[in-house]
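Dear colleague,

Please find the structure below. A summary of the findings follows it.

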Amino acid sequence: MPTHFEIHDSFISEQNQKTNDWVKEDYEHLSKKLRRQNVDIEDLVAKAQGFRFAIPSWGVGTGGTRFARFPGAGEPRDIYEKLEDCGTIYKLVRSTPAVSLHIPWDKPEDAGDLREFARQRDLHFDAMNSNTFQDQPGQKHSYKFGSLTHPEKSVREQAIQHNIECIEVGKALGSKAHTVWIGDGGNFPGQQHFRRALERYLESMREIYAALPDDWRVFIEHKFYEPAFYSTVINDWGTSYYCARELGPKAFCLVDLGHHAPNVNIEMIVARLIQFGKLAGFHFNDSKYGDDDLDSGSIKPFQLFLIFNELVDAELNKEPYFSPAYMLDQSHNVTDPIESLMMSGVELVRAYIQAHLVDRQELTDAQAKCDPLRALATLKQAFTTDVAPILAAARARAGGAIDPIGTFRASGYRQRKAEERPARKGAAASGIV
Ligand SMILES: [Mn+2]
């Protein structure tokens with residue numbers, strides 16, 4: 001049995017010693033500043049420590065653009081090595097104890113064994129994800145012209161059975177949710193009958209819904225284009241909401257930030273889904289043009305903050321059916337995936353804590369008095385507060401790294417993994433979802 005390099009807790013605390021003094025100094029200063037606003041910094045540290053989100057199993061491997069994939073040295077070759085990397089992320093940032101699996105990319109041969117492997121790393125399994133947007137080797141029917149909405153019943157049946165299989169695997173792994181994203185749509189006007197395609201979708205989804213255990217939820221993920229470029233069947237949140245309502249109380253709408261046209265007001269979609277009791281959760285990422293799958297907060301950090309502003313508002317109001325599942329969904333070519341996932345994770349907690357800094361009474365007053373400038377200033381006040389010392393304290397107190405990326409680089413993890421994981425010939429490339 002070859003040894004597998006791990007970053008030890010003692011190494012993390014050693015690294016933390018280097019920057020501990022300035023973190024303390026900044027923390028004290030911020031604490032005083034927040035006290036003037038009647039905010040107790042310790043409450044925010046507790047909130048930061050309570051914030052949890054899942055890592056997608058496909059996110060720890062180097063992704064590809066639509067054009068090419070450039071494998072990195074030491075990237076994971078199977079689901080066990082992916083879980084090792086997820087465990088490393090969790091050790092350093094302390095907010096990612098869950099992993100979301102994609103089937104069949106990461107279909108375990110022995111679910112019980114995989115579950116135990118995860119448990120030993122304090123990890124568990126979040127939502128399952130099906131794949132009917134690619135053909136798999138040996139598959140009987142092709143998804144070239146659709147899956148759950150295909151005109152041929154036999155193709156739809158195959159896609160339904162695949163989703164039910166994902167739920168079965170998830171049950172063995174201790175998952176409680178299943179995410180369905182389909183690539184179904186049309187590339188040309190007239191290719192698909194819009195209404196009939198949606199009817200077939202609902203008919204298929206009803207069978208998948210019926211296979212859900214009582215304590216499970218199913219998440220519908222909408223996307224306005226790609227891989228189909230003219231139309232998609234679940235094109236927007238309205239269609240997603242309609243389907244979730246038609247299916248029943250276990251169906252919810254998942255928001256992937258990259259699945260909207262540029263400049264769409266996503267925070268408003270979030271507010272609508274919260275109000276209608278149908279927000280499933282998120283696939284967090286960022287984009288400049290389309291479904292770029294860039295790191296969270298890298299392009300539009302203010303938008304991320306405004307989304308969290310809606311989420312925190314709902315949290316504080318204890319809105320019914322509000323129990324969002326948070327996940328990162330990103331994949332690209334030019335950074336180390338572990339570093340990118342940690343960077344994104346830090347940005348999510350940052351936006352969450354900043355949203356908790358919004359003076360809700362001040363905002364409500366400004367809205368009631370029709371004072372848009374004051375309303376915006378109230379949001380900006382929270383958004384421009386540097387909460388880095390809170391995030392650092394939350395991580396460090398939980399045994400994580402003050403500087404996750406610096407600590408990761410200093411550990412030599414990637415170099416060690418490059419030695420442990422020589423590239424296998426013909427390794428499957430994960431895709432983009
Ligand atoms: Mn997604």
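**Findings**

Gly63 is located in the loop that connects β1 (54–56) with α3 (79–93); helices (H or I, at least four residues) and strands (E, at least two) are DSSP runs, numbered from the N terminus. This is a predicted model, in which local features need pLDDT of at least 70 and side-chain atom pairs count only at pLDDT 80 or more, while totals for chains, interfaces and linings use all residues. Residues are numbered from 1 along each chain as its sequence is written.

Gly63 is buried, because 21 other C-beta atoms lie within 10 Å. The term buried requires 20 or more other C-beta atoms within 10 Å of the residue's own, exposed means 12 or fewer, and partly exposed lies in between, with C-beta atoms placed from the backbone. The C-alpha atoms of Gly63 and Thr335 are 9.8 Å apart, although 272 residues separate them along the chain.

The largest nonpolar core contains 107 residues, and Val99, Cys253 and Ile390 have the most contacts inside it. Such a core is a set of buried Ala, Val, Leu, Ile, Met, Phe, Trp, Tyr and Cys residues joined through C-beta atoms within 7 Å. Helix α10 (residues 337–356) supplies the largest share of this core, 10 residues. Beyond its neighbours within four places in sequence, Val99 is in contact (C-beta atoms, placed from the backbone, within 7 Å) with residues including Ala54, Leu83 and Phe125.

Overall, the protein has 15 helices and 10 strands. Of its 433 residues, 45% count as buried.

Yours sincerely

Notes
Contact = placed C-beta atoms within 7 Å.
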